[in-house]
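Morning, everyone. I have one structure to walk through today. Please have a look at it first.

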Amino acid sequence: MQKVVIVTGASRGIGAATALLLAKEGYGVCVNYRQRQDQAQALVAQIQAQGGQAMACQADVTQEADVARLFECTARQLGPVTHLVNNAGILFTQTPFEGISLARFSQVLSTHVLGCFLCCRQALGQLPRGGAIVNVSSAAARTGAPFEYIDYAAAKGAMDSLTKGLALEVAERGIRVNGVRPGFIHTQMHADGGEPDRVARLSPQIPLKRGGSPEEVANAIAWLLSDQASFVTGSILDIAGGK
Ligand code: NDP
């Protein structure tokens, strides 16, 4: 079976590292992005230069029609989708709870929870027995992220619940659903959150005394998707340096 994976939000950061690794492992890879077309296309060119199979597809995961088109285009160009990584995410600036606007709360919930729901639902129409999904959550789901991003933490908590429930619903179809909960990872997302040096600042609080790399999260995602994790479903793996 040719493995075909959609990685949502793969124009940079953890998604890009995951797309690159999965292509090296022989997957046909759809690099989904929302707005950074140049970065997505550069990643596709890099994968192809290394002999891998990849395509880029713009789609906003919060839009049902976009998600349907994402899966159709991928199936047409690479073959039926066998694996999915729900990685697309956004982070706004650190704000105590009462400062979080309705518009922000709604966008954060839509991107993480609605996006994950729409992509999982669409994937289940294509995923074969042996297929797998990994949802990218966050350590914030455990802490609640008070005074910073309660909206983001709540969205990731909802994703974890979706991961566990869906894993049980589709287990008898031979489809596995798992999650990863990264801690502080060196990506551009923290600049969007208003503090580019956040990971370095918080490193002393991490038992391993450093932030993680996108590649370290990608390794865990690739393992959970692989047959090496064939008896693992409904699990959410912490990748947080012990924090
Ligand atoms: P980045 O900000 O580097 O990348 C986010 C990606 O998501 C981009 O490719 C962006 O696309 C895409 N994206 C955002 N909104 C949408 C949308 N509506 N539809 C499709 N794509 C979208 O983030 P990271 O790599 O740091 O994070 C990746 C995931 O890991 C996120 O879910 C995040 O919450 C999670 N995470 C990150 C941690 C960290 O410390 N970095 C810690 C814990 C979890 P484009 O650029 O084209 O807009």
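**Helix packing, then the ligand shell**

Start with two helices, H1 and H9, the latter being residues 214-225. They pack at an angle of about 55 degrees, and their axes are 8 Å apart. That makes H1 oblique to H9, because an angle between 35 and 65 degrees falls in neither the roughly parallel nor the roughly perpendicular class. The handedness of the H1 and H9 crossing is right-handed.

Keep in mind that this is a predicted model. How confident is the prediction? The protein chain has an average pLDDT of 98. Of its residues, 100% score at least 70. For the model, ipTM is 0.99 and pTM is 0.99.

H3 runs over residues 64-78, and it packs against H4 at an angle of about 40 degrees. Their axes are 10 Å apart. H3 and H4 are therefore oblique to each other. Where H3 passes H4, the crossing is right-handed.

On to the ligand. How many residues surround the ligand? The count is 31. Gly-9, Gly-13, Gly-89, Thr-187 and Met-189 are the closest.

Which elements supply at least two residues each to that shell? There are helices H1 (13-24), H4 (102-123) and H7 (189-192), plus strand E2 (28-33). H1 gives the largest share, with three residues.

What is the shell made of, by class? Polar residues number 15. Eleven are nonpolar, and five are charged.

Last, the annotation. An unreviewed UniProt entry carries "domain: Ketoreductase" over residues 3-174. In the model, that stretch is 51% helix and 15% strand. The C-alpha atoms at the ends of residues 3-174 are 15 Å apart.

That's my tour. Thanks.

Methods
Residues are numbered from 1 along each chain as its sequence is written. This is a predicted model: local features need pLDDT of at least 70, side-chain atom pairs count only at pLDDT 80 or more; totals for chains, interfaces and linings use all residues. A residue is near a molecule or strand if its C-beta atom, placed from the backbone, lies within 6 Å of it. Helices (H or I, at least four residues) and strands (E, at least two) are DSSP runs, numbered from the N terminus. Ala, Val, Leu, Ile, Met, Phe, Trp, Tyr, Cys and Pro count as nonpolar, Asp, Glu, Lys and Arg as charged, and the others, Gly among them, as polar. pLDDT is the predictor's confidence in each residue, from 0 to 100. UniProt positions are given in the numbering used here, feature names are shortened, and annotations may be inferred rather than shown by experiment. Axes are lines fitted to C-alpha atoms, for helices over the stretch in contact, and angles run from 0 to 180 degrees between N-to-C directions. Angles under 35 degrees count as roughly parallel, over 145 as roughly antiparallel, 65 to 115 as roughly perpendicular and the rest as oblique. A crossing is left-handed if the near helix is turned anticlockwise from the far one by less than a right angle, and right-handed if clockwise.
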